[in-house]
Amino acid sequence: MLRYYNDHDDWIVQSGAIARCMQLNGELVMPKYQSLNAAVATLTRGDSIWIGMGDWGAEDSYEWLDGSRLEWADWDSKQPDDARGQEDCVMMVDNGYWNDDTCGDHFGYVCQIPIAAPVRAFSHYVVSSEVATYSQARQMCEQTGYRLARSSFGNADEIRGIVVGTQRYWVEDEDRGDDFCYTVSVDGTATEKCDQRLSYVCEGVEPHDIHVAADDPVVEEASHFEIDCSASGSPAPDVTWFLKGAEVPNQIKASGQSTLVLNGVTKADYGVYECHGTNVVEGVTYSKKRYSVVQGPSEDEENRE
Ligand SMILES: [Ca+2]
Ligand SMILES: [Ca+2]
């Protein structure tokens with residue numbers, strides 16, 4: 001059994017989509033038959049997405065990511081055309097048909113993930129070395145920039161895998177009543193009086209859900225323009241705008257967000273801006289980015305071939 005995941009906020013190159021799906025313990029979607037292809041097309045809600053297919057090896061010799069050959073295909077009219085001899089990666093256009101495209105173009109993606117895989121692949125768990133009441137445990141996690149681990153169906157096994165013996169550890173649970181708090185142990189989750197003094201599990205979460213307020217804005221010269229970018233994570237990510245690899249000097253930063261400010265726009269301000277969300281979990285730096293292409297009004301629309 002597979003479930004399908006579509007991050008509508010994240011448009012990346014095909015190799016990035018392949019890596020991202022692997023981080024989620026899955027694979028870039030391989031719609032090998034018609035009913036699955038139709039289901040994936042519905043899930044995209046009209047986004048163009050990468051699928052796990054290409055003629056990466058020999059020209060015109062298409063294969064799926066898992067190495068299998070095509071037994072069914074759903075090419076758009078006049079495709080694949082290997083335009084300019086540079087199209088070796090396959091994407092699904094909004095009508096569900098396929099087009100070969102340049103591997104470096106940016107599209108959405110759908111991952112296929114085994115049902116049993118943990119849901120939150122970006123969480124890192126830290127077990128406390130001391131005991132505390134439930135409310136103290138929450139504070140202790142927050143002091144280190146983390147949060148008390150949130151137990152849910154998808155990651156309960158993952159948390160249980162790091163706890164020791166029969167000891168009980170505080171975790172957060174949204175369904176918690178007033179009188180009882182939740183704990184996890186090798187035996188599973190249970191309730192406990194909130195004033196017990198127990199060990200606890202803190203959770204660090206890599207940057208995710210990076211949101212850029214304006215995807216590819218058209219901006220008039222001499223105008224004033226601002227783009228907000230925000231990112232989720234624990235600790236709250238440092239969010240920074242870059243242009244051509246350099247930090248943009250004019251941005252207003254806050255916890256988990258940054259606003260790019262363009263004053264008196266000139267041609268030099270046009271280009272591909274990157275918003276990076278970065279945090280450090282257990283001494284390791286994690287980063288995720290999104291693009292926003294700021295362009296002038298006279299440029300031609302880019303045609304997909
Ligand atoms: Ca090709
Ligand atoms: Ca093409």
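Colleague: What should I know before I start?

Modeller: Residues count from 1 along each chain as its sequence is written, and chains are lettered from A, ligands numbered from 1, in the order in which they are written. As the model is predicted, local features need pLDDT of at least 70 and side-chain atom pairs count only at pLDDT 80 or more, while totals for chains, interfaces and linings use all residues.

Colleague: How many helices and strands are there in the chain?

Modeller: Helices (H or I, at least four residues) and strands (E, at least two) are DSSP runs, numbered from the N terminus. Here you get 4 helices and 20 strands.

Colleague: In what order do the strands of the open sheet run?

Modeller: Strands pair if DSSP finds at least two bridges between them. The order is S16-S15-S19-S20, with antiparallel pairing. S16 (246-247) and S20 (284-294) each have a single partner strand, so one side of each lacks a neighbour in the sheet. Between S15 (238-243) and S19 (271-281) there are 6 bridges, and Phe 242 sits opposite Glu 274 in S19.

Colleague: Which residues of helix H3 are buried?

Modeller: Count other C-beta atoms, placed from the backbone, within 10 Å of a residue's own: 20 or more is buried, 12 or fewer exposed, in between partly exposed. In H3 (134-143), Tyr 134, Ala 137 and Cys 141 are buried. The directions from the helix axis to their C-beta atoms cover an arc of only 55°, which puts them on the same side of H3. Gln 139 and Gln 143 are exposed on the face turned away from that side.

Colleague: What follows H3?

Modeller: Gly 145, with a positive phi near 90°.
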